[in-house]
Amino acid sequence: MTRTRRTPVPAWRETPQQVLVRQWLAACPGFVSAQALHRRMVTEGGAVGLSTVYRALAALTGAGLADIVRDDSGERLYRHRPEAHHQHYLVCRRCGRSLAVDSEQVEAWAARIAEESGFRDVHHTVELAGVCTTCTTDD
């Protein structure tokens with residue numbers, strides 16, 4: 001089986017502000033927008049600008065240290081990546097609860113398509129959204 005060549009993960013630049021954003025992101029229980037993360041940081045005493053939060057989140061995502069999904073309106077939501085490998089999530093459209101899902105078949109499919117097409121350095125995005133059982137029972 002031929003594997004797709006992976007691009008090396010860029011080094012995480014550990015500026016004090018970026019480390020602070022990473023710590024706050026890790027403390028969030030699920031996905032969060034840059035604005036909500038910034039608001040939480042400022043409310044609880046973190047001195048960092050919104051543009052710094054955006055830059056840090058982009059760097060975290062690029063370095064493989066955060067996952068990203070889009071909500072129904074297209075806004076990007078971020079989550080600390082607890083493990084080094086790429087994950088996919090099922091996200092509740094109502095409450096935002098997220099659940100990591102087994103994505104072995106998706107990864108195998110993406111690798112097969114890359115191999116068959118001759119493409120290299122293939123990236124993919126799979127977003128699953130639904131309504132969780134808690135929100136369904138609240139109806």
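The structure is a predicted model, in which local features need pLDDT of at least 70, side-chain atom pairs count only at pLDDT 80 or more, and totals for chains, interfaces and linings use all residues. Residues are numbered from 1 along each chain as its sequence is written, and side-chain values use heavy atoms, with hydrogens and water left out.

## Overall layout

The chain has five helices and six strands. Helices (H or I, at least four residues) and strands (E, at least two) are DSSP runs, numbered from the N terminus. Along the sequence, these elements follow the pattern α-β-α-α-β-β-β-β-α-β-α.

Of the 139 residues in the chain, 32% are buried. Buried means under 20% relative accessible area, exposed means over 50%, and partly exposed lies in between (1.4 Å probe, protein chains only). A contact means heavy atoms within 4.5 Å. Among contacts between residues at least 6 apart in sequence, 49% join residues at least 24 apart.

## Helix packing

Two packed helices are described by the angle between their axes and the distance between the axes. Here the axes are lines fitted to C-alpha atoms, for helices over the stretch in contact, and angles run from 0 to 180 degrees between N-to-C directions. Angles under 35 degrees count as roughly parallel, over 145 as roughly antiparallel, 65 to 115 as roughly perpendicular and the rest as oblique.

The axes of helix 1 (residues 16-27) and helix 3 (residues 50-62) come within 9 Å and cross at roughly 75°. The two helices are therefore roughly perpendicular to each other. On the helix 1 side, the contact is made by Q17, Q18, V21, R22 and L25, and on the helix 3 side by T52, V53, A56, L57, A59 and L60. By class, this contact has seven nonpolar, three polar and one charged residues. Ala, Val, Leu, Ile, Met, Phe, Trp, Tyr, Cys and Pro count as nonpolar, Asp, Glu, Lys and Arg as charged, and the others, Gly among them, as polar.

Helix 1 also packs with helix 2: their axes come within 11 Å and cross at roughly 100°. Helix 1 and helix 2 are therefore roughly perpendicular to each other. In this contact, L20, V21, W24, L25 and A27 of helix 1 meet L37, R40 and M41 of helix 2. The contact of helix 1 with helix 2 has seven nonpolar, no polar and one charged residues.

## Nonpolar cores

A nonpolar core is a set of buried Ala, Val, Leu, Ile, Met, Phe, Trp, Tyr and Cys residues joined through side-chain atoms within 4.5 Å. The largest one has 17 residues, and those with the most contacts inside it are V21, L25, L37, M41, V53, L57 and L60. Helix 1, helix 2 (34-43) and helix 3 each give two or more residues to this core. Helix 3 gives the most, with four residues. Another core, of five residues, lies apart from it and includes F31, L77, Y89 and V91.

## Salt bridges

Side chains of opposite charge can pair when their charged atoms come close. A salt bridge is a side-chain nitrogen of Lys or Arg within 4 Å of a carboxyl oxygen of Asp or Glu. By this rule there are three salt bridges.

| Salt bridge | N to O distance |
|---|---|
| E44 and R40 | 3.7 Å |
| R81 and D67 | 2.6 Å |
| E116 and R112 | 3.2 Å |

R81 lies in the loop between strand 3 (76-80) and strand 4 (88-92) and D67 in strand 2 (residues 66-70), so this pair ties together parts that are 14 residues apart in sequence. R81 is buried at 13% relative accessibility, and D67 is buried at 4%.

E116 and R112 are four residues apart in helix 4 (residues 104-117), which separates them by about one helical turn. E116 is exposed, at 55%, while R112 is partly exposed, at 41%. R40 is partly exposed too, at 30%.

## Two further residues

V91 is in strand 4 and is buried, at 14% relative accessibility. Leaving aside its neighbours within four places in sequence, V91 is in contact with F31, V69, G96, R97, S98, L128, A129 and G130. V91 and E127 are 36 residues apart in sequence and 8.2 Å apart in space, C-alpha to C-alpha.

A58 is in helix 3 and is partly exposed, at 48% relative accessibility. A58 and Y78 are 20 residues apart in sequence, with their C-alpha atoms 9.6 Å apart in space.
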